[in-house]
Amino acid sequence: MIGTFWSLVPPLVAIALALITKEVYSSLFIGIIIGGLFFSGFSFTGTMTHVFQDGLVGSLSGPYNMGILVFLVVLGILVALMNKAGGSAAFGRWAKEHIKTKVGAQIATICLGLLIFIDDYFNCLTVGSVMRPITEKHNISREKLAFLIDSTAAPVCIIAPISSWAAAVSGFVEGEDGFALFIKAIPYNFYAIFTIVALFALVLTKTDFGSMKKFEEAADSAAKSKPVSEKDLGFKGTVFDLIFPIAVLIVLCTLGMIYSGGFFDSESDSYLNFAQAFGNSDASVGLMLGSFGALIITIIAYVIRRVLPFKECMSCVPDGFKAMVPAILILALAWTLKAMTDSLGAKDFVAGIVANNADALMSVMPAIVFVIGCFLAFATGTSWGTFGILIPIVVAVFSNTDYTLMIISISACMAGAVCGDHCSPISDTTIMASAGAECEHVNHVSSQLPYALSIAAVSFVCYLIAGFVRNPFVPLIIGIAAIVGGLIFVKAKKQK
């Protein structure tokens, strides 16, 4: 079963069960057990050892994953601090005065997501904590908020030159200037560009379809949730008490990222430039250091300004941890499932298929790479793993033959990976978006799928066109027209 189609069965079973049963924990665990059985040849002791020792413990003991978990917990504590100090309530009052409409609240959420392009994890949790009070005041469902967060996380990071994603992609391109290739591939990243266009079009035309429409209608009909007043909290917070921690978090996480990339390394002959430091950065280390620094500064600021006593600040530590437990549990299970898939040789199986058929399908290769990237990221729940598999193959096939087609195919790989990651219930970014919006994870996935699949279909057609015209402009015009025209058609059909 190793290195064959069977290696993709465990994640596919887990995803299918999650969508059918609407229960993600048991679905992921069943997928993990199937992977362990396949790897051990259905041996009981071998399965238990592989699942728990190699899988669960191995995933959680890895430095990168552990750094992400620490970042999650610290961010949860920061959010608990801002809520207890009254900063979130104060920001909600300010927003009520300045953001008057449901459309305005959604546009503000999108714009904030576009501005926080450093890292997708950071984007999901920051945008969620800041915008949730505002969207709730305008009766926007948590499913819609999770969709807006998720759609401005990975799709934005993958077209931002200064981001952890740009660093990851650049690192997978061997024998070429990875950063230069990333820049040239941006105009061809159709899925990311079309997702952002679709967000604005959906909000401005006030169009929803699929299960999202039901969630939005339920939010509209439900009574507005009564926010906790400052009097109830016992502490007087201002908008500053929300903006200041977020601003410090952004600055320190950025500094943490470039620090991990060697920007402040005094032993080197010359300081690395900003972009190069991002290219060498370790997102896990940078986010962990930045979030810890922001937490300490926030506590000091609250205590000095007498917004929150030190004892109350410390009481937020377990509260923040508890708030992140569901996300941590799903992440731990998703990472373990990925470990099962990796041990079964799923990467080698997919890589072999692509490499064996590349020469005969040159002009349609971008579209094929896009589909394979979608499927692989959907099944494994990892964009970066998909980059690591497909980008070296694309570079090897096209580096000495067709440079333009290589750029288009690399972009198709990135777009497909983001699309599959966007759709997958076992993707860490999708899990983070659910956590940021405090939304039921399966509801987020099921309501987001119709939008993501529609944009994916348009992107696939555009990659077919791009493989022949060899420029981004014609496919972009056709794709944007298709998305906007499709939404207008759906809205007109519903009004009849």
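The protein exposes about 19,800 Å² in this predicted model, and carbon and sulfur atoms supply 68% of that area. Part of the nonpolar surface is gathered in a patch of about 470 Å², made by Val-251, Leu-255, Tyr-259, Phe-264 and Leu-289. Helix H15, which spans residues 240-260, gives the most to this patch, with 3 residues. Leu-255, one of the patch residues, lies in helix H15. Its relative accessibility is 37%, so Leu-255 counts as partly exposed, since that class runs between 20% and 50%.

Turning from the surface to the fold, the protein has 25 helices and 0 strands. Of its 496 residues, 55% count as buried. Contacts across the sequence are well represented: among those between residues at least 6 apart, 80% join residues at least 24 apart.

A search of the whole structure finds 9 aromatic pairs. One of them joins Phe-190 and Tyr-463, with 4.7 Å centre to centre and 50° between the planes, a tilted arrangement. This pair links distant parts of the chain: Phe-190 belongs to helix H12 (residues 190-204) and Tyr-463 to helix H24 (residues 441-469), and the two are 273 residues apart. Both Phe-190 and Tyr-463 are buried. Ring pairs also connect these two residues with Tyr-188, Phe-194 and Phe-370, so that a cluster of aromatic side chains results.

Helix H24 also holds Ser-447. With 0% relative accessibility, Ser-447 counts as buried, because the class takes in everything under 20%. What does Ser-447 touch, once its neighbours within four places in sequence are left aside? The contacts are with Glu-143, Ser-211, Met-212 and Phe-215.

The structure holds 0 disulfides. Is Cys-111 buried or partly exposed? Its relative accessibility is 33%, and Cys-111 therefore counts as partly exposed. Cys-439, in turn, has a relative accessible area of 10% and is therefore buried.

Conventions. Residues numbered from 1 in each chain as written. Predicted model: local features only at pLDDT ≥ 70, side-chain atom pairs only at ≥ 80, totals over all residues. Heavy atoms only, no water. Phe/Tyr/Trp six-rings, centres within 6.5 Å; stacked < 30°, edge-to-face > 60°. Helix = DSSP H or I, 4+ residues; strand = E, 2+ residues; numbered from the N terminus. Buried < 20%, exposed > 50% of the residue type's maximum accessible area, 1.4 Å probe, protein only. Contact = heavy atoms within 4.5 Å. Areas by Shrake-Rupley, 256 points an atom, 1.4 Å probe, with all protein chains shown as cover. Disulfide = S-S within 2.5 Å. Patch = residues over 30% accessible without salt bridge, like charges linked within 9 Å, V, L, I, M, F, W, Y side chains within 5 Å. Salt bridge = Lys/Arg side-chain N within 4 Å of Asp/Glu carboxyl O.
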